[in-house]
Number of protein chains: 2
Amino acid sequence: MSKLLIVGTVAFDAIETPFGKTDKILGGAATYIGLSAANFNVDSAIVSVVGEDFPQEYLDMLAARNIDISGIEVVKGGKTFFWSGKYHNDMNSRDTLATELNVLADFNPVVPENYKDSEIVMLGNLHPGVQMSVINQMAEKPKLIVLDTMNFWMDCAWDDLLAVIKKVDVITINDEEARQLSGEYSLVKAAQKIHEMGPEYVVIKKGEHGALIFNDGNIFFAPALPLEEVFDPTGAGDTFAGGFSGYLAKHENISFESMKNAIIYGSNLASFCVEKFGTQRMESLTNEEITERLKQFKQLTQFEIEVN
Amino acid sequence: MSKLLIVGTVAFDAIETPFGKTDKILGGAATYIGLSAANFNVDSAIVSVVGEDFPQEYLDMLAARNIDISGIEVVKGGKTFFWSGKYHNDMNSRDTLATELNVLADFNPVVPENYKDSEIVMLGNLHPGVQMSVINQMAEKPKLIVLDTMNFWMDCAWDDLLAVIKKVDVITINDEEARQLSGEYSLVKAAQKIHEMGPEYVVIKKGEHGALIFNDGNIFFAPALPLEEVFDPTGAGDTFAGGFSGYLAKHENISFESMKNAIIYGSNLASFCVEKFGTQRMESLTNEEITERLKQFKQLTQFEIEVN
């Protein structure tokens, strides 16, 4: 089993969907990635920062899932990063109501000594400068660096973003962001352009329409499971990334064939994430449920046609 | 092999896309369905109507593909149905520039005597009253009736539409239309409601995002092939329906397992249709190309994860 190093926010979210709203609850990219990857029983660590207002029980909950939390800095007197958003009726678009960076504004990530040799590094959505700092702290080149990012950094940290994209093996990005990053509308062409920026593997997340992985002319597609109801999409992309990197860490195989399975697992886990508010569903998830849903993914996609 | 009866428009289209524009070219739902189904060498017939202005060479081209055209009425002195549209840059939306019903306004479909016992009836997009008239002319209940329709009929022929939907086994419809027809945003819920209206099988077409088939709690998904360029989406949905019904006619098997393959073939054929203007690509398509693309669909979707 490979060590998995996760970098990203650990935060408070307040979410409003057509189904209801929450007070400040546990959120953050690294939280979702960590909870998702934990389903593979990997040896993982989170590098992040929170304020003194962050409940110890949340940290304990992560630690109880075999996630090393020594790299989560707690800033005395500081306040935790807070995001608040409201989803529209179609659940595909949302308004950000509040973004309070707080301790994240001066975040200096420190990779724990015994995770500097992690084989897999999962860089969750954060300022690309912070992501780069983590890469630079690694003792040797990791087997695989996966980067998730978003349009916000394309708008306000373009050069830093291009620099870190150049250093990674896999990028996960949504369809609109892939178009923005590449200047190409066609996702096939967008992936080609993004390959040229550095990453050998390009994963394009299309939300309810599934995810594509591109590598050297090969394409594989994982659908999203059609659901009766999407309750809260928050964290689905991070959960997908956690399933992807967690699967690869468990199986110590970073071939394209292995990555196919990894995005199926990513899609599998993301389909649970959206069933309840915040991290609630991920915290109660069992292996049996994941296996049961894997069967649904097979029924959804596998067919028998002889090709002569 | 089952007989396949196809009903729908045979028409002139004038199309504008970001890649160029055409004069009046061959178009119409039944044309695309027929050309697509012809790849399965089935015994098919088209019931439709054209004007005296319709070139004999188009009819000859259809006949040369083993499509019985005796049910295509040529109205002396009449003008052929004409549609003109302009696609936006994203190719997902379009403006209709002109719709001239012409001979279609008084179309009275007449099913050729030797196709009244067709096992499979493919009702292409047309006024639901016309679709119903075809069903009523069948000598006995066909093994399978497939209906394609669009939002236009929901807006202006609701009762007629519900009446014909009640009579069919399969409905093919796009995602927005499924939402309009059912009043449900979730496609899973939409399919449930549409089941209750009559059809045992509900196929929801999502364009570049693929197609879903629902039956009694089972769901199967066929992705669209990711393409570098979509040149002209006109006829893709009809081509999909032609591939679906053509496959089922050839294999004389209307089980859900068979329908899985049928929507894969529908998606396969539709991926060719959009590569050139109008029917151009479908007219030059070879079996070898279809088989080659089937391999791509397998690579795109098939994975190996053991489920314990």
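Between chain B and chain A, about 3700 Å² of area is buried, and carbon and sulfur atoms give 58% of it. On the side of chain B, the residues that lose the most area to chain A are B:Glu228, B:Phe303 and B:Ile305, together 19% of what that side buries. Keep in mind as you look around that this is a predicted model. The contact draws 39 residues from chain B and 39 residues from chain A.

Side chains of opposite charge can pair when their charged atoms come close. Across the interface of chain B and chain A, the rule finds two salt bridges. You can pick out a salt bridge between the side chains of B:Lys189 and A:Glu229, at 2.5 Å from N to O. Polar contacts also cross the interface of chain B and chain A, with 20 residue pairs, both residues at pLDDT 80 or more.

Which elements of chain B give two or more residues to the side that touches chain A? They are α7 (187-197), β15 (218-222), α9 (256-273) and α11 (287-301) of chain B. It is α11(B) that gives the most to this side, with eight residues. Sorted by type, the residues on the side of chain B that touches chain A are 17 nonpolar, 10 polar and 12 charged.

Now for how the two copies are arranged.

Next, take chain A by itself. Its secondary structure comes to 11 helices and 15 strands. For 308 residues, a compact globule would have a radius of gyration near 19 Å, and the 18 Å of chain A agrees with that. Along the principal axes, the C-alpha atoms of chain A fill a box of roughly 70 × 45 × 40 Å.

Finally, a look at salt bridges beyond the interface. Over all chains, the count by this rule comes to 26 salt bridges. One of the pairs to find in chain A joins the side chains of A:Glu257 and A:Lys260, at 3.2 Å from N to O. Both A:Glu257 and A:Lys260 lie in helix α9 (residues 256-273) of chain A, where they are three residues apart, about one turn of the helix.

Notes: Residues numbered from 1 in each chain as written. Chains lettered and ligands numbered in written order. Heavy atoms only, no water. Contact = heavy atoms within 4.5 Å. Buried area = accessible area lost by both parts, 1.4 Å probe. Salt bridge = Lys/Arg side-chain N within 4 Å of Asp/Glu carboxyl O. Polar contact = N/O pair within 3.5 Å; in protein donor to acceptor, adjacent residues only side chain to side chain. Helix = DSSP H or I, 4+ residues; strand = E, 2+ residues; numbered from the N terminus. Nonpolar A, V, L, I, M, F, W, Y, C, P; charged D, E, K, R; others polar. Rg over C-alpha atoms; globule rule 2.2 N^0.38 Å.
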